[in-house]
Amino acid sequence: MTTATEVLSPADARTRPQPSTRGWIARIGVMILLAAIVLWRVATIEPFWADRFALAAIYGIIGLSLNVVLGYTGQVSLGHHAFVGLSAFLSAFFVTEKGQSFWIGLLLATLAGALSAGLLGLVALRIRGLYLSLITLTYGFVAVNSIFDIPALTRGGAGMPAPRPSGFATEHKFALLCFLFLGLVLWIDWRMMKTKVGRAVLAVKQSEAVAASYAVSVTGYKVLGFMVSGAFAGLAGSLFAHRATTVVSADFSFREALIWVLMVVVGGLGNRTGVVIASMFFALFPFLVGLVNPLEHFVIDTMGKDPEELTLVIGPALALLTIILYPGGVGEQISPITRWFRGEKFSLHPDGHKPKGKPHRAAAVLRHLVRRGR
Amino acid sequence: MAVLEVRDMGIRFGGLVALDDVNIEVPEWEIVGLIGPNGAGKTTLFNCIMGLYQPNSGTVTYRGRDVSLLPTHRRVAMGIGRTFQNIGLVRELSVIENMMIAQHARIGYGALAGIFGSVRSFAEERKLKAYGLDVLDFLGLSDLANEKLDGLPYGTLKLLEIGTVLATDPDLVLLDEPSSGMGPEEAHQLGERLLKLRQTLNLTVLMIEHHVPLVVDVCDYVYVLNFGKILTEGRPKQVQAHPEVIAAYLGSEAEKVDADAQEIRDEADSGVAAASGGGKERDRGVS
């Protein structure tokens, strides 16, 4: 009796009008084209910029790592420099001192990141919110002042050499490797949020009682969330070490942890595309300053600052603007495009509805400026 | 054998005794009501049964097995489903995704397989979605499958919550005020739906409910909780007539009494008005 209707309307057809086959081909085609352009630029650009792009990809992975904690589990980690740094030192240590291959070092660093973050996850079982962020903060400081000072790891402060793998020694090839890993992390992040782990983590974030009533193990998924974040951070740490080819403690300070939190906020909490874009911007920003001569002159000569320090001025400013004008961050701004890639019709507003009420404040400000300009 | 047995349940919050020596039994295929004034400890009892609170004393036995020491999610996986007084749904997920998370215990792939995107995880996700849509169809909510929860009416969310509990595949369901926020007509429909659900899914139900007509309509047996103790128990009609129950409700729900008294006064006034009006007419008739 039901077979006729089942044939006519299979389960998935009941959900959302899907694009035609040609629509999907167009979307996948554009996506591949975008990826190809990025990879082609990375492979052909001058070595200086290829190296910077490698850093941008690593920042993308770090951003996604923090996004798991901030966006998905709803906690704040101010100690991510400890996870990244610890893994960077371990990776370099295993490759240089223990004679392991780069790939073993990378794997061990990823595992170390997952384990150390898992420990923090166990703490997070009892503490959350402000107190947890304080714990992560102190965790970071303790790591910096203890582990990062161990002479065997840092070679007495001189830095641990971290050679690149033989096939990826040049700037271009290592940058490509970093982008491939960024792609892998994006895939994992996407699948995680599409399947049971993502739903469980979001449920735990909202209410532990509700999550448990859906048979979700609150303990397990809290720790798992932190471990995934730690694994991403560990992977990024290893790549960071071998990009720089020497790991020094100074690379991992609280300053970095702060910038990483800011870039996730600017990218949009829980929005992976926005977070990657914002993270790359934050990684490249100090070098972008060098492209604009008057700005470079102003920063270096007038302000007497290194362009890198400017990130800590621009970062909070951007974060503030984001929170006031666009709480969804970069991810919200590019949402018409990401929605199209997901298979919806292209429209500036979700479901083709125009927003009710006043036009957006940012749009109003812009319009005002344009009018005055005329 | 009873599906659920609560024995000597007691819990204190500081100096406050929230539950004291509570004994409850829910037999197979019955709908058992749990009523009592606000603050009587009804939801606290639910939380103790689910393991969200750790009681100071007492045991919870589910189908002959002592589950007192199991964590909440294990109890749910065994077949105890539960709704919340103020809607236990995940706001960040869409309607269909809420139906999918409700099936969490029966997902046929591991967490890591899902994270790395194994072929099987894709197929299993399609199955979860199809089953979720079937349940939504059953409740007449399938049009809303892709909607976000924000902006959906309260009654719809209440119904959806019942849907998610059904998707956890329970055989005992604890409902916390399922008719809250509903009008009398909707509440009546809900009662019929509950009876139908029991008929088709062989459910056993324990429910907290304030709406008396609904309790009388659907419940086979009623426990009355007051100040953390079982005041009385019995068939709905018997309990309704019990003097202590009337006293407990009237004593604590002063507002309602006031409202009732106001109604009586209004009626009396209008009666007087009608009478005096009649009097005028009579007067006129005389003149």
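Two strands are taken as paired if DSSP finds at least two bridges between them. Helices (H or I, at least four residues) and strands (E, at least two) are DSSP runs, numbered from the N terminus. The model is predicted: local features need pLDDT of at least 70, side-chain atom pairs count only at pLDDT 80 or more, and totals for chains, interfaces and linings use all residues. Residues are numbered from 1 along each chain as its sequence is written, while chains are lettered from A and ligands numbered from 1 in the order in which they are written.

Chain B contains an open sheet of four strands in the order β2-β1-β4-β5, with antiparallel pairing. The edges are held by β2 (16-27) and β5 (65-66) of chain B; each has a single partner strand, so one side of each lacks a neighbour in the sheet. Strand β1(B) spans residues 2-13 and pairs with β2(B) in the antiparallel sense over eight bridges. Within this pairing, Ala2(B) has Pro27(B) in β2(B) as its bridge partner. Strand β1(B) is also joined to β4(B), residues 57-62, by five bridges, again antiparallel. Here Val6(B) stands opposite Val60(B) of β4(B). Two bridges link β4(B) to β5(B), which run antiparallel. Thr61(B) faces Asp66(B) of β5(B) across this pair.

The strands β4(B) and β5(B) form a hairpin with two residues between them. Arg63(B) lies in this loop. Its phi is near 50°, a positive value in a residue other than glycine. Burial is counted from C-beta atoms placed from the backbone: a residue is buried if 20 or more others lie within 10 Å of its own, exposed if 12 or fewer, and partly exposed in between. Arg63(B) is partly exposed, with 17 other C-beta atoms within 10 Å.

The expected span of a helix is 1.5 Å times one less than its number of residues. Helix α2(A), residues 21-44, has 24 residues and reaches 34 Å from its first C-alpha to its last, close to the 34 Å expected. One of the 24 residues of α2(A) is buried, so this helix lies largely in the open.

Helix α6(B) is followed by Asp169(B). This residue lies in the loop between α6 and β7 of chain B. The phi of Asp169(B) is positive, near 60°, in a residue other than glycine. With 17 C-beta neighbours inside 10 Å, Asp169(B) counts as partly exposed.

The two chains meet at an interface. Residues are in contact if their C-beta atoms, placed from the backbone, lie within 7 Å. By this criterion, 25 residues of chain A are in contact with 35 residues of chain B. On the side of chain A that touches chain B, the elements giving two or more residues are α8 (171-194), α9 (196-206) and α10 (208-213) of chain A. The largest share, seven residues, comes from α9(A). This side of chain A divides into 15 nonpolar, five polar and five charged residues. Ala, Val, Leu, Ile, Met, Phe, Trp, Tyr, Cys and Pro count as nonpolar, Asp, Glu, Lys and Arg as charged, and the others, Gly among them, as polar.

A nonpolar core is a set of buried Ala, Val, Leu, Ile, Met, Phe, Trp, Tyr and Cys residues joined through C-beta atoms within 7 Å. The largest such core has 164 residues, of which Ile58(A), Ile61(A) and Cys178(A) touch the most other members. Helix α3(A), residues 47-73, gives the most to this core, with 16 residues. Domain 1 (1-89 + 153-252) and domain 2 (95-148) of chain B both give residues to this core, so it lies between them. Domain bounds come from an automatic or database domain assignment. Not counting residues up to four places away in sequence, Ile58(A) touches Cys178(A), Ala236(A), Leu239(A), Phe240(A) and Arg243(A).

Definitions and conventions:
Two residues are in contact if their C-beta atoms, placed from the backbone, lie within 7 Å.
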